[in-house]
Amino acid sequence: MTTDETLSAGIDLLLAMTAATTVRHGIAAFETVGMASRNLSSRTRVEYRHDLDDLAAFLERRGLLQLGNISLSRLDAYKAEMDARGYAPATRRRKCQSIK
């Protein structure tokens with residue numbers, strides 16, 4: 001991907017994410033624009049989607065539906081939840097990468 005294509009994809013993702021107001025809309029925007037711009041394999045896309053759905057379910061159980069209500073402390077709570085579930089370090093790293 002050229003620099004111009006990367007920049008264009010980044011702008012498209014920014015616009016899509018700016019329009020998103022809920023966690024689920026943000027995930028949909030990332031899936032549509034962000035994953036495509038990163039040229040991810042189909043397996044990676046499935047894993048990322050599963051990871052993001054897991055995060056969304058975690059947030060929804062806490063009544064956090066809007067993107068504006070998500071803070072670093074909420075993401076730290078999700079990381080603690082992954083520890084409580086007994087996830088392996090590699091799984092935690094992948095899930096955290098999915099969130100970025």
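Me: What makes K79 count as partly exposed?
Reply: K79 has a relative accessible area of 33%. Buried means under 20% relative accessible area, exposed over 50%, and partly exposed in between (1.4 Å probe, protein chains only), so 33% puts K79 in the middle class.

Me: What kind of model is this?
Reply: This is a predicted model, in which local features need pLDDT of at least 70 and side-chain atom pairs count only at pLDDT 80 or more, while totals for chains, interfaces and linings use all residues. Residues are numbered from 1 along each chain as its sequence is written, and side-chain values use heavy atoms, with hydrogens and water left out.

Me: Why are D76 and K79 called a salt bridge?
Reply: The term asks for a side-chain nitrogen of Lys or Arg within 4 Å of a carboxyl oxygen of Asp or Glu. The D76 and K79 side chains meet at 3.9 Å, N to O, so the pair qualifies. Both residues lie in helix 4 (residues 72–84), 3 residues apart, which is about one turn of the helix. D76, at 38% relative accessible area, is partly exposed.

Me: How do you know that the span of helix 4 agrees with its number of residues?
Reply: The expected span is 1.5 Å times one less than the number of residues. For the 13 residues of helix 4 that gives 18 Å, and the end C-alpha atoms are 18 Å apart, so the two agree. G86 follows helix 4, with a positive phi near 80°.

Me: What makes D83 and R92 a salt bridge?
Reply: Their side chains meet at 3.0 Å, N to O, so the distance is within the cut-off. D83 is partly exposed at 44%, and R92 also counts as partly exposed, at 22% relative accessibility.

Me: Why is K95 called buried?
Reply: K95 has a relative accessible area of 3%, so it falls under the limit for buried. K95 lies in helix 5 and touches H50, D51, D54, Y78, M82 and Y87, not counting residues up to four places away in sequence; a contact here means heavy atoms within 4.5 Å.

Me: What does the salt bridge of D51 and K95 tie together?
Reply: The two side chains meet at 3.1 Å, N to O. D51 lies in helix 3 (residues 42–61) and K95 in helix 5 (residues 89–99), so the bridge ties together parts that are 44 residues apart in sequence. D51 is buried, as is K95. Both belong to a network of salt bridges that also links D54, R62, E81, R85 and R94. The whole structure has 13 salt bridges.

Notes: Helix = DSSP H or I, 4+ residues; strand = E, 2+ residues; numbered from the N terminus.
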